[in-house]
Amino acid sequence: MTVKDIYAGALSLTLSRVEDDESIEKFVPPIFNITLGEVFAANNQIREKWGKAPFEKVPYIALLEQENPYEGILDTALQYALASKLLLADDEAELADVYNRQYLSEVASVTPYVAMEVTDVYGKDI
């Protein structure tokens, strides 16, 4: 899926069309890059779970025509994230908050659990 496909999905959530919002297209790659940074750790956990090497650094998107570098399971989350950020720019804070919560929920629902050893406050391993 390309970044433009994710952008089109985000616009559909805001009840807009790509053709109607050509003036904001230039802002999509930078906003998308912020989102890539936000879900970097989650994407790497997914990649490791699926036996793929994790990314060493956050990918960078310059053009809408570029492929989304992250795993496809995150596409829906990225659409909600982009819609949320676009709505914030449009002074639609309440709806932006709804989509942001959905974005975070989507990321959490697809991110694999990573077990780690924990020491309780009394110094015993649990």
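**Salt bridges first**

I began with Lys85, which counts as buried because its relative accessibility is 18%, under the 20% cut-off. I keep in mind throughout that this is a predicted model.

I then looked for the partner of Lys85 and found that its side chain meets that of Glu38 in a salt bridge, at 3.1 Å from N to O. This pair links distant parts of the chain, since Lys85 sits in helix α4 and Glu38 in helix α2, 47 residues apart. Glu38 is partly exposed, at a relative accessible area of 43%.

How many salt bridges does the structure hold? I noted five, and went on to look up some of the others.

Glu71 forms one with Lys52, where the closest N and O atoms are 2.9 Å apart. Both Glu71 and Lys52 lie in the loop between α3 and α4, so the pair ties together parts that are 19 residues apart in sequence.

Next I took Arg101, which forms a salt bridge with Asp97, the closest N and O atoms being 3.0 Å apart. Both residues lie in helix α5, four residues apart, which is about one turn of the helix. Arg101 is partly exposed with a relative accessible area of 49%, and Asp97 is partly exposed at 38% relative accessibility. I also wrote down that salt bridges with shared partners join Arg47, Lys52 and Glu71 into one network.

**Helix α5**

I turned to α5 as a whole, which has 18 residues and reaches 26 Å from its first C-alpha to its last, close to the 26 Å expected at 1.5 Å a residue.

Which residues of α5 are buried? I listed Ala96, Tyr99, Tyr103 and Val107. Seen down the axis of α5, its buried residues fall within an arc of 80°, so they line one face of the helix. These buried residues pack against α1, α2, α3 and α4, while the face of α5 turned away from them carries the exposed residues Glu94, Ala108 and Ser109.

**After α5**

Last, I looked at the segment after α5, where Val118 is found. Val118 counts as partly exposed, at 42% relative accessibility. Together with Val114 and Met116, Val118 forms a nonpolar patch on the surface, with about 290 Å² of accessible area between the three.

Notes: Residues are numbered from 1 along each chain as its sequence is written. This is a predicted model: local features need pLDDT of at least 70, side-chain atom pairs count only at pLDDT 80 or more; totals for chains, interfaces and linings use all residues. Side-chain values use heavy atoms; hydrogens and water are left out. Patches are made of residues with over 30% relative accessible area and no salt bridge: like charges are joined within 9 Å, nonpolar side chains (Val, Leu, Ile, Met, Phe, Trp, Tyr) within 5 Å. Accessible areas come from the Shrake-Rupley method with a 1.4 Å probe; for residues, only the protein chains shown count as cover. A salt bridge is a side-chain nitrogen of Lys or Arg within 4 Å of a carboxyl oxygen of Asp or Glu. Helices (H or I, at least four residues) and strands (E, at least two) are DSSP runs, numbered from the N terminus. Buried means under 20% relative accessible area, exposed over 50%, partly exposed in between (1.4 Å probe, protein chains only). The expected span of a helix is 1.5 Å times one less than its number of residues. The arc is that of the directions from the helix axis to the C-beta atoms. Contact means heavy atoms within 4.5 Å.
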